[in-house]
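Hi,

Here is the structure I promised to pass on. Have a look at it first, and then read my notes below.

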Amino acid sequence: MCEKVIIIGSGPAAWTAAIYCARASLNPLVFEGAVTEENRLAGTLPLGQLSLTTEVENFPGFPVGDLTAYLDHAISADRRAMMAPHGKQGASGPELVELMRQQAVNFGARIVTDDIVDVDFSAPPFQLTALEGGIHQSHAVIVATGARANYLGLPSEEAFKNRGVSACAVCDGALPRFRNKPLVVVGGGDSAVEEADYLTKFASTVFLVHRRAELRASRIMAQRAQNHPKIKILWNRTLAEVLGNDKDGVTGARLASTVGDPDLHVDATGVFVAIGHTPNTAFLKGRLALTDKQYIRWTTPARTYTSVEGVFAAGDVADDYYRQAITAAGSGCMAALDAERWLAAKGF
Ligand code: NAP
């Protein structure tokens, strides 16, 4: 059997594409990813980056309010039972993406909890191989596999994720634990500087920890960081250990020197890692045109077209610039409309 459209991914881009495709009677099949230890360690479990964040305060339509009754009503009982209670007001990332998934299910999207590990886009219909071994055919494909934040890989970093360690200042920076407290940002590129700048709205001081004596960030961004009264750049330093305890989460950081100085300890209630992202495109290598940074290349301005006709890309897998849930959702909608029109033109 050949599907009309297969969607690969399970973040805001994928679910929005699924909602639009389902409502357009395309009967989409969604590969939401596999639940494996390898994916857990890589940060690529189903439901993506949004499921790794805490409160989401900037997704339109979810102002502060008690969502408990609504979640009980909107989400299927079996999925609701698996959701961790968080006991606070407003939507969390996991709740928001679960609501998106449910909305896609409500319109008839079919979901397979598995990874696509290989694709053959050489000739239509396209062939997709799942981790479990099944081969699936489809006339159109929407790739929305997202990206994952790079972490340093320290055990202490892993231990305090969501308790002070984050890779997204825009997602987490406004949380109470970061207010009027010193924070650490690791990295020296535009992202790190941007994160540090953003966090100055909340923090008492932001320590920008960079492994060299010169920032990689663009000159204007670097100057902004260097001139900011709340940003203190700690040159030639790397994060050796996140310090903390079970009760308080992160309490500080131990910073090693890259030029032979003694370790430095700083107090901080948060550590933000901003050393780049990796798009989830390994399974596409050689099958689809990628950018130098391995993101999918959108080939036409303001469209979600890729180098292969009939294959569309949405969300962070093709966007290394905006990287927001709402922009991913928007491009998921675009990809669904692009796929629908392409399928209609081909007579499918
Ligand atoms: P990036 O430019 O690749 O910078 C990554 C930074 O992390 C570098 O400073 C690098 O150090 C550091 N780093 C990498 N691995 C590390 C490790 N293991 N330990 C310690 N430090 C490590 O990534 P990005 O900042 O995410 O930016 C990605 C792209 O998006 C860039 O093209 C950037 O210009 C763009 N962007 C633009 C804006 C904007 O214009 N507003 C905002 C954000 C991002 P080294 O410098 O020593 O390699």
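Predicted model: local features only at pLDDT ≥ 70, side-chain atom pairs only at ≥ 80, totals over all residues.

**Salt bridges and cores**

E241, R254 and D263 are joined in a network of salt bridges.

A few of the pairs, one at a time:

- R287 and D118 form a salt bridge, with 2.8 Å between the closest N and O atoms. R287 sits in the loop between β16 (277-279) and β17 (311-313), while D118 is in strand β4 (residues 116-120), so this pair ties together parts that lie 169 residues apart in sequence. Both ends are partly exposed: R287 has a relative accessible area of 35%, and D118 comes in at 29% relative accessibility.
- R80 and D72 meet through their side chains in a salt bridge, at 2.8 Å from N to O. D72 counts as partly exposed because its relative accessible area, 47%, falls between the 20% and 50% cut-offs.
- E158 pairs with K161 in a salt bridge, and here the closest N and O atoms are 3.0 Å apart. E158 is partly exposed, with a relative accessible area of 38%, and K161 is partly exposed too, at 28% relative accessibility.

Now for the nonpolar side of things. In soluble globular proteins, nonpolar side chains tend to be buried together.

Which residues have the most contacts inside the largest nonpolar core? They are V5, I7, W15, F59 and I142, in a core of 41 residues. Two or more residues of this core come from each of β1 (2-8), α1 (12-23), α3 (68-74), α5 (93-106), β6 (135-143) and α10 (325-346). The biggest contributor is α10, which gives 8 residues to this core.

Leaving out neighbours within four places in sequence, W15 is in contact with S10, V30, E32, L47, V97, M100, R101, A104 and I111.

Cheers

Conventions: Residues numbered from 1 in each chain as written. Heavy atoms only, no water. Salt bridge = Lys/Arg side-chain N within 4 Å of Asp/Glu carboxyl O. Buried < 20%, exposed > 50% of the residue type's maximum accessible area, 1.4 Å probe, protein only. Helix = DSSP H or I, 4+ residues; strand = E, 2+ residues; numbered from the N terminus. Core = buried A, V, L, I, M, F, W, Y, C linked by side-chain atoms within 4.5 Å. Contact = heavy atoms within 4.5 Å.
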